[in-house]
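This report describes one structure in parts: a ligand site, a helix and a strand with its partners. Please look over the sequence and the model before reading on.

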Amino acid sequence: MELMDVDPVRLESSLWVGKKRYRAALTGWHLNWTELDKKNRDKKTVSVPVSEVIGVEEGRVQVLPQRSVAEDTDREFTVFYVKRSSSGSSYGLLWRLGRTQFCCPSRDLRDQWMTQLRIALKTHSPSRPHRLLVFINPFGGKKQGRQIYHSLVAPLFELAGISSHVVVTERANQARDHILKKDLTGFDGVVCVGGDGIFSELLHGVIGRTQQEAGLSEHDPSLTLQSCDLHIGIIPAGSTDCVCFATVGVNDPVTSALHIIIGDSQPLDVCSVHHRSSLVRYSVSLVGYGFYGDVLAESERHRWMGPLRYDYSGAMVYLSNRSYAGVIQYLPADSQLSSPRDNTRCLSGCSVCSKGTERLFPHSPGASSLYSSHFSQFSSDTEGEWVSVEGRFRAVSLTCMSSSCPRSPLGLSPSAHLADGTGDLIIVRDTHPLGFLTFLHRHTSTQDQFDLPFVDVHRVKAVRFSLPTGEEEDKDEERERVNDGGMMEEGKRPSRSGSHKHLIERGEERGQKDFLCGLCCSKAPTVSVWNCDGEILPHTEISCR
Ligand SMILES: CCCCCCCCCCCCC/C=C/[C@@H](O)[C@H](CO)NC(=O)CCCCCCCCCCCCCCC
Ligand SMILES: Nc1ncnc2c1ncn2[C@@H]1O[C@H](COP(=O)(O)OP(=O)(O)OP(=O)(O)O)[C@@H](O)[C@H]1O
Ligand SMILES: [Ca+2]
């Protein structure tokens with residue numbers, strides 16, 4: 001709103017684009033050009049919002065796939081802007097770099113256009129980043145992170161006048177530790193090039209650092225954490241790219257780079273996972289026990305397969321036909337506000353999320369900043385009644401967002417909201433193999449995966465999981481030794497190679513044969529593992545908020 005007070009920049013003149021003459025006009029908010037041809041009765045006008053102009057260059061310039069400048073061009077300038085491509089998925093549009101080369105009648109006029117466009121850009125794009133800290137995971141997805149960044153993203157950042165400091169990681173958790181410990185003065189945001197795993201590192205770094213600076217303990221689940229000012233950008237180059245896909249609608253590096261450049265932002269719910277009185281990890285996507293935990297544990301030993309490891313492991317785990325006993329307790333969210341089966345789809349600017357943010361942070365001016373909905377509304381007297389479900393489950397999944405990804409374009413919970421302060425709890429009770437296959441298969445189509453008699457879905461504020469009486473988690477100390485528990489301290493990180501209790505008990509070196517013993521021997525494991533945004537948790541009994 002404050003921008004209304006600024007005098008709009010204005011410039012109007014006739015310009016050439018190729019062999020055609022146009023009337024071009026720059027108002028404060030838009031750059032328009034209309035062909036000046038009598039035959040052109042429709043007078044088609046191209047209109048680009050200034051907020052979507054990426055850069056302006058003297059001469060006839062091209063940036064992607066390679067930068068090139070034509071000679072003898074002192075009357076020309078090139079404008080680069082966001083162009084929405086007709087292709088993409090039906091869930092989100094691909095963005096491309098649009099480019100128009102204008103030719104002016106004189107050099108003076110060209111300079112005027114350049115100056116005015118640059119002033120307009122400065123004035124009307126206040127939330128754009130100027131300096132970014134970029135972490136590339138060279139081993140994510142198909143190991144294309146470095147190439148994707150240098151060939152598709154860096155030229156766009158340069159064009160937009162963004163300076164970036166690039167760190168190619170050499171070990172897991174380097175990005176998290178960098179954010180936690182190094183001087184970040186001058187950076188407007190952090191960017192990861194990789195998958196959900198490196199995103200999660202940035203998430204833990206940013207939340208952790210913010211709490212450290214505010215003197216707050218992340219271990220106290222009753223505490224309201226400080227919102228984070230530093231935004232996170234994601235350039236997808238991983239295997240699942242769920243956080244990118246669920247927020248942007250496509251997993252495309254150029255689209256994401258353009259969103260970052262123009263300063264777009266989307267708040268996200270963050271779920272904290274605690275074990276007893278300590279924080280284990282944060283999650284934005286999936287906290288899943290049973291099927292998704294087993295798939296992850298199995299997939300870790302097939303990393304060499306790249307993104308395919310999930311399909312292979314998924315099939316193997318499906319064939320092993322497991323279910324697990326447990327007690328799930330959950331705190332329902334207000335069913336008047338929204339429901340997981342209301343067939344809505346959360347998009348940027350979603351009204352349910354805006355209302356949620358207002359409700360959770362009535363006095364916060366930074367209510368729209370990333371990760372705002374954490375630890376909301378949990379004063380003990382208003383939290384409501386816990387509901388308990390005991391039984392055998394194929395899968396227990398808690399997802400704070402839809403968790404859509406290329407494999408499942410509508411996601412685990414298609415109507416989940418990105419930033420409403422709630423998550424969807426999906427309980428898949430034990431059922432026959434064909435029923436479970438139907439459930440899984442429905443994730444790949446528009447068929448309702450919740451419309452099955454053995455599936456329940458609840459919108460929740462919190463979840464607790466424990467083992468049935470008599471089977472409590474008594475081997476925690478053993479697990480912690482094996483896994484060197486949690487995310488919170490240097491060197492203390494769950495092993496990527498899996499923490500399946502059964503595996504641990506029998507020794508990992510026996511590998512896949514053991515994991516699949518449900519198929520080939522009589523001793524199937526009684527306990528699964530938790531998959532937390534693609535990381536295995538070192539505990540079975542957890543509580544999530
Ligand atoms: C018949 C076809 C069934 C297809 C079923 C597709 C269901 C796909 C649901 C995808 C849900 C993704 C949730 C996102 C989780 C992320 O935070 C996390 C971090 O990146 N990713 C994973 O944990 C990675 C988890 C990856 C899970 C992949 C599961 C693949 C299952 C394949 C089952 C095949 C059964 C074949 C029977 C012969
Ligand atoms: N240099 C590195 N060497 C080894 N592991 C790393 C390195 N940098 C980051 N990691 C870790 O690699 C793991 C996987 O990374 P990432 O998420 O980028 O790719 P992915 O697993 O292929 O994709 P997705 O998470 O989308 O399935 C993360 O846990 C991250 O912490
Ligand atoms: Ca949510």
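## Terms and basis

A residue is called buried if 20 or more other C-beta atoms lie within 10 Å of its own, exposed if 12 or fewer, and partly exposed in between, with C-beta atoms placed from the backbone. Helices (H or I, at least four residues) and strands (E, at least two) are DSSP runs, numbered from the N terminus.

The model is predicted: local features need pLDDT of at least 70, side-chain atom pairs count only at pLDDT 80 or more, and totals for chains, interfaces and linings use all residues. Residues are numbered from 1 along each chain as its sequence is written, while chains are lettered from A and ligands numbered from 1 in the order in which they are written.

## The shell around ligand 1

Ligand 1 is surrounded by 26 residues, the closest being Asp-196, Thr-240, Ser-285, Gly-314 and Gly-534. A residue counts as near the ligand if its C-beta atom, placed from the backbone, lies within 6 Å of it. Two or more residues of the shell come from each of helix 7 (291-300), helix 8 (309-320) and helix 10 (433-442). Helix 8 gives the most, with five residues.

## Helix 8

The twelve residues of helix 8 should span 16 Å at 1.5 Å a residue, and the end C-alpha atoms are 16 Å apart, which agrees. The expected span is 1.5 Å times one less than the number of residues.

Tyr-310, Ser-313 and Val-317 of helix 8 are buried. They cover an arc of only 70 degrees around the axis, which puts them on the same side of helix 8; the arc is that of the directions from the helix axis to the C-beta atoms. An α-helix has 3.6 residues a turn, so residues three or four places apart point the same way. On the other side of helix 8, Ala-315 and Leu-319 are exposed. Just after helix 8, Asn-321 takes a positive phi of about 60 degrees.

## Strand 14 and its partners

Four of the five residues of strand 14 (residues 271-275) are buried. Strand 14 runs antiparallel to strand 15 (residues 278-283), joined to it by five bridges; strands pair if DSSP finds at least two bridges between them. Cys-271 has Ser-283 in strand 15 as its bridge partner. The hairpin of these strands has two residues between them, and Arg-276 takes a positive phi near 50 degrees there.

Strand 14 also pairs with strand 23 (residues 542-544), in the antiparallel sense, over two bridges. In strand 23, Ser-543 stands opposite His-274.
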